[in-house]
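Here are my notes on the model, point by point. Please read them with the structure open.

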Amino acid sequence: MQIISDIVKKEDALHQLVSEINGLEKGHVRLGIFNSMCKYLPSLIHNFNKIYPHITFEIYQGSYEDIIDWLKTGVVDIGFLSKTVNPGFPFYEIFSDPLMCILKKETETSSETEIPLASLATSPFVMQRESCDADARRIMDQMNLDVRTVCHVVDDKTTIEMVKAGFGFAIMPLLTMYGFEQEVKMLRIMPPEKRIIGVSVSDVYDLSPSVKKAFDFIKDYDFSE
């Protein structure tokens, strides 16, 4: 299966190279992306296609675990990942995303802007599966916090709903809270922590012309827009 995938990939790259020689910048890029990064997808593709209107995209949405597997097996050409889970692919940091403590809106806290994570050591914790967000587990391990995990969920929306219902607190990247800011209490964790988001390929020296253009564009893209 891997051999067939490699043959198809090289044949596609050859067609793209011929098109480029003939003065036509066209091709196809398969992009692996996790949920919270989808916020940037429309503007990213729109701005890319202003420059390269004949290069098309195929989007694969999934967990970190999915994207790593897709990169390994050649299902996707480019994947977005957190630095925490990168198994050794070429990784190019594109921006950092602050980690936040998410609490039920009515929860009383000594500050309305920040919270020492150690103060939550005895509180119930709503945990996402590591394949969805490994950074929360990294912080817990780093601080030797032995919290009582009450839920193991998969997606961001379910995590927020469990917190809203009072099942416990959660640690979530700020980007995942887009559109949910008014539904919960959201505080910076102290000491401050962040996840590093980057873009990866399986082999930076084996990219088709269109994939290389997309990869370089993403590395230089202004995600603060």
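1. Helices (H or I, at least four residues) and strands (E, at least two) are DSSP runs numbered from the N terminus. This is a predicted model: local features need pLDDT of at least 70, side-chain atom pairs count only at pLDDT 80 or more, and totals for chains, interfaces and linings use all residues. Residues are numbered from 1 along each chain as its sequence is written, and side-chain values use heavy atoms, with hydrogens and water left out.

2. Helix 3 itself covers residues 64-73, and Y64, I67, I68, W70 and L71 are buried in it. Buried means under 20% relative accessible area, exposed over 50%, and partly exposed in between (1.4 Å probe, protein chains only). Seen down the helix axis, the buried residues of helix 3 fall within an arc of 165 degrees, so they line one face. The arc is taken from the directions from the helix axis to the C-beta atoms. An α-helix has 3.6 residues a turn, so residues three or four places apart point the same way. The partners of the buried residues of helix 3 are strand 1 (26-33), strand 2 (54-61), strand 3 (78-82), helix 4 (134-142) and strand 10 (194-200).

3. Within helix 4, A134, D135, A136, I139 and M140 are buried. They pack against helix 3, strand 3, strand 4, strand 6 (124-128), strand 8 and strand 10.

4. Strand 3 deserves a look. Of its 5 residues, 5 are buried. I78, F80 and S82 are on one side, G79 and L81 on the other, and both faces are covered. Strand 3 runs parallel to strand 1, joined by 2 bridges. There, L31 stands opposite I78. With strand 10 the pairing is antiparallel, over 4 bridges. L81 stands opposite G198 in that case. Strands count as paired if DSSP finds at least two bridges between them.

5. Which residues have the most contacts inside the largest nonpolar core? They are M37, I78, F80, L81 and F223, in a core of 39 residues. Strand 1, helix 2 (41-51), helix 3, strand 3, strand 4, strand 10 and helix 6 (209-220) each give two or more residues to this core. Apart from it lies another core of 16 residues, among them L99, F125, L145 and I189. A nonpolar core is a set of buried Ala, Val, Leu, Ile, Met, Phe, Trp, Tyr and Cys residues joined through side-chain atoms within 4.5 Å.

6. Leaving aside neighbours within four places in sequence, F223 is in contact (heavy atoms within 4.5 Å) with M37, Y40, L44, F80, I94, F95 and I218.

7. Strand 8 (residues 170-173) is also covered on both faces: A170 and M172 are buried on one side, I171 and P173 on the other. Strand 8 pairs with strand 4 (residues 91-103) in the antiparallel sense over 4 bridges. C101 stands opposite I171.

8. Is K185 buried or exposed? K185 counts as buried, at 10% relative accessibility. K185 is found in strand 9 (residues 185-190). Its side chain makes a polar contact with the side chain of T109, at 3.2 Å. Another, also of 3.2 Å, joins the side chains of K185 and E112. A polar contact is a pair of N or O atoms within 3.5 Å; within protein, one must be able to donate a hydrogen and the other to accept it, and residues adjacent in sequence count only if both atoms are side-chain atoms.

9. M186, in strand 9, is partly exposed, with a relative accessible area of 23%. Beyond four places in sequence, M186 is in contact with M100, C101, I102, L174, M177 and E181. M186 and M172 are 9.4 Å apart, C-alpha to C-alpha, and 14 residues apart in sequence.

10. For the whole chain, the secondary structure comes to 6 helices and 10 strands. Of the 225 residues, 45% count as buried. Among contacts between residues at least 6 apart in sequence, 77% join residues at least 24 apart.
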